[in-house]
Amino acid sequence: MMTPAGTAAPGARPMPGAGAAWAGAGAPGAPVLEVQDVHVRFPLARDWRGRPVVHAHALNGVSLQVRRGEAFGIVGESGCGKSTLAAVLMGLLRPTEGGLRRPPRADGRPADVQIVFQDPQSSLDPRLPAWRVIVEPLVAAGGLKAVGSRGRDGAARRVRPGKAALRARADALARQVGLRPEQLDRYVHEFSGGQRQRIAIARALAPDPDVIVLDEPTSALDVSVQAQILNLLRELRRAHGLTYVLISHNVSVVRHLCDRVAVMYLGQVVEQGPAAQVLESPRHPYTRELLDAVPRLDRPWPEDAPATPAELPGNTVLPQGCFFRGRCPWATTGCDRPQMLLARPDAPLHAYRCHVAGTR
Amino acid sequence: MRYLLYQLRRNPLMLLGLAVLAAVGLAVVLADWAAPYDPERIDLVHRLAAPSAAHWFGTDEVGRDIFSRVLYGGRQSIGVGLFVAGCASMVGAAIGCFSGIVGGRFDGLVMRTMDVVLSVPSLVLIMALAAALGPSLFNAMLAITLVRIPFYVRLARGQTLGIREMAYVQAAWTFGATRRHVVRWHVARNAASPIVVQATLDIGGAILMAAALGFIGLGAQQPTAEWGAMVATGRNFLLDQWWYTVTPGCAILVTALACNLVGDGVRDLLDPKSRAK
Amino acid sequence: MSVDRTDPVIGRRPGGLLAGALDSGALYNGAPDVGVLGGGTLDSGVADSVGAAEPVLEIRDLSLEFPVFGGAVRALGGVSLRVMPGEIVGVVGESGSGKSVTAMAALRLLPPGGYRVTGGGLRLCGEDVLAASEARMRQWRGRRAAMIFQEPMTALNPTRRIGDQLTGVLRAHHRLGRREALERAGALLRDMMIPDPARTLRAYPFELSGGMRQRVMAAMAFSCDPALLIADEPTTALDVTVQRQVLQLLRHRARERGTAILFITHDMAVVSQFCDRVYVMYAGTVVEQGPTGRVLDAPRHPYTRGLLDGLPERAAPGADLAAIPGRVPDMRRPPAGCVFFDRCAFADEACRQRPALRSLADAESGAGPGIASERRAACWHPLAPELAAQPEEDA
């Protein structure tokens, strides 16, 4: 189900009342990436005629707007659809419904989105030397890509980059991520996990992107290496004015790095808002349960008797009404209707999908 | 290079195989100097002589020195092996990789064709092809190569399907890579290992197959020396002049065995997991 | 010492070593003198009787290396570790610290011929593991000590049903008929709070979620009532909510049966919730040990301090994380002195000599007898307790 990176899928609808907001994705704070009511279904089983009968509903109506210069976090557990959302944001997956928008920048080209994967071991070709891995984005699409920064008039310098130019660019990028250029002739497997992730970050920086999607960038790394990589990411964002979309199940990393955060459950956003608000004072019961379960150094778990496992309901048959109803301690009448993502007037930026939470 | 020596120390069988192959290869290449006699020199006085100091492997029915013929015949046989393994693997891998990446109906068509070819017993198909093309060593080589290609197509396609799902290939799609780029830079490198191993093992197999064809008269024709042909002709004299069949037969055995040992060792060598981190 | 384990009755064990502690509730409420951290430290009363017992696992100065191309990698350089019956001991470290090697060595699961023991010893329930024959090891694995791995998919055979695998383990260690084994397997799964055990027994591993598979692994591990359960990062691959459930379950069952747990992880926060005592490992050596609360509240070794400071929750939002500079040393050429020398802010000439794991002589240690309150660090200049105390957490 993979298509090469492209522009918005057909059927994208402009956001209502969007005129003034789309003054150009160059302005800080302007939206640089957007998904509108995206649904993604994967066929799981087909009948004898080949028509799909059972679907996995990975995304069920996700709408998000990522603004230039911010770090937007997406938190959720396995099965919530965050990886699928990453694929949609990258343009790797066409949504079954809804659309992806990449508002054009000042020079008229769509925003460039790059990705850093979770596992630095499998996301880098083990049989290529590190410098080729880093500059691959510059040669992959047929060779005619600009090497170096874009010209001030926005026109890319259309030169087929020679090997020397590529190597020079690789060296420059390596220095930015804290690697020594002399080491770039080695193969990827000769580097440590943290260094491999630096290579992956350098690769994402190579085409001078606007947005970098980080899919669990530090989950596979040690704690001390994670600290180095997070500092590096923060510094790069400052230096290049990047926008990040950080997808993670690690709440402390998201809390540290992100400005705004969205919490996902079963393919929907259940809570969204400024990171400090959502993660310190969560309103939605799922967010509360999630944050409660995160082990913290200063908060011991009570010695309860163990409970029967409450796991994610399957996504082949979606629950009626609120998706979280089966596990929710506050379930009551009214929860059998689909819930809307709403903000209260006293905190207009903090929206959540629960009619009960508003009253608690 | 140092890693190669380390692996050889750990794997003495591979070392043995390499040594044998080197010896055989050297002898065959230097046949002009190593052979004591002209392989086609007829000497009816000493026909069917037993192995002796003068003729290490004895002589055949027209008095040609078998040892010299084995040496020169090695050129034919080993040449066949290398040609078949090399060509079949490269052509087959190219088709398989491309088919795996493109997918869809094209892939389906290619694979069904290969399935059809594979469903016919290979020896029968080779014999039929060789007979149709005409009895000569080159035609035999061609027939064996054509029939071997589907194995490589299937192998390469299987590898490609796996590599296609790897995160680094998905990453390549995200930067707008063309299919050609992906095949050239990612698929080819990572699929190479099992294909190379299979090719090494096929060298021995091809020699045996050429020998089989020569045995039934479809391969090299007289007076060209070729191991299979010699084994075939020697059948008629097996009871009393055993050396006629046995000596080229041993040459085939030793070479094929050595190729297999080397092939096994190459598999370990190319496996990145067995390397020290 | 061996607790009576002739006919393991699944689940309830009346009497036994810790029944007294269970009744008094001392274990469940945690000792009050630990400070803000840590859940469930052995009350000193129980420690007395336990301290006299033989350790379930005792590793004494173990050194181990893996021969590779161009030399050997020193995986362990003189590791000493003890697990007493019934306690939950954590081993914290990053990759390359040797924590997994320690766990595998305890059950002699390292590939034979792939490693060399260059010093020290290892005893499981009092008997030497390194010298034992393979047949005896097979007897011990499962009965004396069992292991749960990180990736349950590779630990469970994907082509066999859960029921077959569970009954296979049961019948290998006890004499049971097929139906009896199946009943016991079902009871074990119920013990692990798996809803609908009958259906799970008929399922294949891929049909279960990660959390379920880990519960099945735990069921297999507990099936022969081992004295020691070694858990190598059992919840790293699981979601947080599932992790909490699985760990609470493990702790509850282990306390019930008196099983000790050796818990290997890289996650300091989980250790603080789950373990009574902790060993911190770095580059193949133990650099600090002690009761969890004290080690995490007031770390004495610069590495432990660095690890804790580098956690995102310890940094002010908007500030950089305090990262430890440098990288783990190459264990093909292990450093002659302190393993943390290159990266330590407090290193000096004295640190070129390898420090031993020594007791910390101050008011903090020695609060109670026995190993439960032992406090050691392998450092010539352990951080002073006042300096090492963590800044107040933001509300």
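How many residues of strand 7 (residues 243–248) of chain A are buried? Six of its six residues are buried, so described when 20 or more other C-beta atoms, placed from the backbone, lie within 10 Å of a residue's own. Strands (E, at least two residues) and helices (H or I, at least four) are DSSP runs, numbered from the N terminus.

The model is predicted: local features need pLDDT of at least 70, side-chain atom pairs count only at pLDDT 80 or more, and totals for chains, interfaces and linings use all residues. Residues are numbered from 1 along each chain as its sequence is written, and chains are lettered from A and ligands numbered from 1 in the order in which they are written.

**Chain A**

Chain A has eight helices and eleven strands. Of its 360 residues, 45% are buried. Its mean pLDDT, the predictor's confidence in each residue from 0 to 100, is 81, and 83% of its residues reach 70 or more. Over residues 1–25 of chain A the pLDDT is below 50, although the model gives this stretch 48 contacts beyond near neighbours in sequence. Two residues are in contact if their C-beta atoms, placed from the backbone, lie within 7 Å. Residues 153–158 of chain A also stay under 50 in pLDDT, with seven contacts beyond four places in sequence.

In a regular strand the side chains alternate between the two faces of the sheet. In strand 7 of chain A, T243(A), V245(A) and I247(A) point one way, while Y244(A), L246(A) and S248(A) point the other way, and all are buried. Strand 7 of chain A pairs in parallel with strand 3 (residues 71–75) of chain A over five bridges, and F72(A) has V245(A) as its bridge partner. Two strands pair if DSSP finds at least two bridges between them. Five bridges also join strand 7 of chain A to strand 6 (residues 211–215) of chain A, again in the parallel sense; here I212(A) stands opposite Y244(A). Strand 6, helix 5 (residues 223–240) and strand 7 of chain A make a right-handed β-α-β unit, meaning that with the strands pointing away from the viewer the path from the first strand over the helix to the second runs clockwise.

**Chain A with chain C**

In the contact between the two chains, 35 residues of chain A meet 43 residues of chain C. Helix 5, helix 6 (251–257) and helix 8 (285–293) of chain A each give two or more residues to the side of chain A that touches chain C. Helix 5 of chain A gives the most, with seven residues.

**Chain C**

Four strands of chain C form an open antiparallel sheet in the order 2-1-4-5. Its edge strands are strand 2 (71–83) and strand 5 (127–128) of chain C, each pairing on one side only. Helix 4 (residues 99–106) of chain C lies across strand 1, strand 2 and strand 4 (116–124) of chain C, at about 70 degrees to strand 2 of chain C.

Eight strands of chain C form an open mixed sheet in the order 6-7-8-3-9-10-12-11. Strand 6 (145–148) and strand 11 (358–359) of chain C each have a single partner strand, so one side of each is left without a neighbour in the sheet.

| Strands of chain C | Bridges | Facing residues |
|---|---|---|
| strand 1 (residues 57–68) and strand 2 | ten bridges | F66(C) and V73(C) |
| strand 10 (residues 285–291) and strand 12 (residues 376–377) | two bridges | E288(C) and A377(C) |

Notes:
Axes fitted to C-alpha atoms, helices over the stretch in contact; angles between N-to-C directions. Buried ≥ 20, exposed ≤ 12 C-beta atoms within 10 Å, placed from the backbone.
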